[in-house]
Amino acid sequence: MPTDFSFPDSAAKAANLPKEFETEKMSLSMGPSHPSTHGVLRIQFELDGEVVTKADPVIGYLHRGDEKIAENMTYNQFVPYTDRLDYLAPLANNAAYAIAVERLAKLEVPPRCQAIRVITSELARVSSHLMGLGAYGIDVGAWTVFMYCFTEREKLYTLFEKLTGARFTTSYSRIGGVARDLPPGWLDEVGAFCTQFLPILDEILALLTRNKIFLDRSVGVGVISRADAIAYGLSGPNLRGSGVALDLRKDRPYSGYEQYDFDVAVGSTGDCYDRYLVRGEEMKQSIRIIRQAVAKMPGGDWFARDARKIFAPPKDKVLTSMEELINNFMIVTEGPQMPAGEVYFEAENPKGTLGFFIVSTGGGVPYRLKIRSPSFCNLSILPKLCVGNLVSDVVSILGSLDFVMGECDR
Amino acid sequence: MTDAAPAVAQNFPSASPRPSLDCPAWNVPPADALALLKSLRDDSGYDMLVDVTAIDWSAEKSPRFTVVWHLYSTTAHRYVRIAAECASAADPVMPSATGLWPAANWHERETFDMFGIKFAGHPDLRRILMWDAYPYFPLRKEFPLAGIPTDLPDPDIAAGMKAKVIPAPMAGGPFVATPGGAMSDAEPRAKDESWNEGREKK
């Protein structure tokens, strides 16, 4: 009897292996420096032939103790560390962290700052999904997609560099605002990028969406049921690919997301192909949001002017007024002053929901800062998801989960 | 699917409201924690476990460790925070929520790894971010930011290389602040310069 791999449930597949041969289980270590593990993930497999019977992800190779570090520095000093969480979307991390601390201070930033954060977060989402898509393409043997994606991503990084001075480690947010206002003409460049990007995105997606080889590698592979997705705490495209229409931008709007018109992309079966489709559609929706935000970019302040002990005063004030100089000095050395209390904030980041749980005892340093990273939760389903699949399908599954180890290991 | 507060107050008299700046929060004795989580999941619609973590209130405080769960309702789109204090500081134990949500598995392993809190009933309570033989719990407050010299994970390699995991030079460096301490201590001149490789480590 030939092995039937059409069973939807991976455990059933494993149970239904042909029994003609006495087989010996083999153990295989994949990673930590394996091209398809996207960083330093190691998975310890137990294999029966080429079929996975047990998978044990070993993480922590990139553990830097970010939470410990956060307890030892002021709120603004930690912003650069958020760049290194999901290093493919630092702008989104910066904004999520700043909003979490602002929730602690019960501080509302002006509309212009909110719109800037929305634009930067959505651009980060596009760049992250382009990377995820390109890398997934390589994982399943489609090199061309990667080249197209990286050309577009490079244009985005040029925009990021113009805005923040850095391509990757942007550190753009401050508690109570952003590091600097938009440079002149930047919004026009963002608009121009959107215009030229959409046809190219269609081209990129057309390379895969009806591609027979890609379909064979992704349709019906790595199916995550709706119930499993919720039980394992998945988030982002991995959750929505399984048909759960959860998006914090819609459900719990922050940073003014309620003003923008966009749709939440949802999959139907929860396989690798659905996760790919969801990411493709999310990029289009992100462009929709960016265009709206660019069109009605509010004027006015780009930082919270009333946040005296939180956001450092403008440089010209610091250099001309004694009070402002003292205030600036206090914010830089003592940190933005926060009330005591506990706050949990989650933002819809490209990889899923990035959460910050901040326990403050007052002052400029958090007592405890827990980072709930989406990649960590998304990977926790691997021991269940990999079982019953071929090793080559695991590569496809890993690519479709689109995780980042910098964020998983923190 | 509305506010869970009346149900919690009625069914869990041992639970008391916990001060919170955002979502509803309750303190609960460890013995009732699982029952409360289950009731929130089944009766109040908080069907997603988004986070499990702990807070170390430092060795002088009693109770020392607080375990915190965050639940999210995928229908009502709300959060709730549940906190329980470990009875013993020397051997902190908390019941495991892995029977309710598989998501708890890795979160509890991480909390065990970082704080040394044992989750009773966890099927596979191993370290997750640090290696298995690592002897310390890094997020405990007495653990220094620099780290503590430790043997390498692999004994064979350690024997061959005669190397150790060394503390990061950053700790004790300029402008590294500590919560509650005087910020002037964080200034470079107040430091013992133990971050300087040339000086002897304290």
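This is a predicted model: local features need pLDDT of at least 70, side-chain atom pairs count only at pLDDT 80 or more; totals for chains, interfaces and linings use all residues.
S8(A) belongs to an open sheet of three strands in chain A, ordered S6-S7-S8 and paired in the antiparallel sense. Its edges are S6 (338-349) and S8 of chain A, each of which pairs on one side only. Direction ignored, neighbouring strands of the sheet are turned by 5 degrees against each other on average. S7(A), which covers residues 352-363, is joined to S8(A) by five bridges, and the two run antiparallel. Together S7(A) and S8(A) form a hairpin with four residues between them, and Gly355(A) is found opposite Arg372(A) of S8(A). On the S6(A) side, eleven bridges link S6(A) and S7(A), again antiparallel, with Phe345(A) opposite Phe356(A) of S7(A). Helix H4 of chain A (residues 90-105) lies across S6 and S7 of chain A and runs at about 145 degrees to S6(A).

A helix pair in chain A also deserves a look. Two packed helices are described by the angle between their axes and the distance between the axes. For H6 (residues 143-164) and H7 (residues 186-209) of chain A, the axes come within 10 Å and cross at roughly 170 degrees. Angles over 145 degrees count as roughly antiparallel, so H6(A) and H7(A) are roughly antiparallel to each other. The crossing of H6(A) past H7(A) is left-handed. Among the residues that meet are Tyr148(A), Cys149(A) and Leu159(A) from H6(A), and Phe193(A), Phe197(A) and Ile200(A) from H7(A). By class, the residues of this contact comprise 13 nonpolar, one polar and five charged.

Finally, the two chains meet in a contact that takes 41 residues from chain A and 34 residues from chain B. On the chain B side, the elements giving two or more residues are strand S3 (48-56), strand S5 (79-85) and helix H3 (104-115) of chain B. S3(B) gives the most to this side, with six residues. The side of chain B that touches chain A has 22 nonpolar, eight polar and four charged residues.

Methods:
Residues are numbered from 1 along each chain as its sequence is written. Chains are lettered from A and ligands numbered from 1 in the order in which they are written. Two residues are in contact if their C-beta atoms, placed from the backbone, lie within 7 Å. Ala, Val, Leu, Ile, Met, Phe, Trp, Tyr, Cys and Pro count as nonpolar, Asp, Glu, Lys and Arg as charged, and the others, Gly among them, as polar. Two strands pair if DSSP finds at least two bridges between them. Axes are lines fitted to C-alpha atoms, for helices over the stretch in contact, and angles run from 0 to 180 degrees between N-to-C directions. Angles under 35 degrees count as roughly parallel, over 145 as roughly antiparallel, 65 to 115 as roughly perpendicular and the rest as oblique. A crossing is left-handed if the near helix is turned anticlockwise from the far one by less than a right angle, and right-handed if clockwise.
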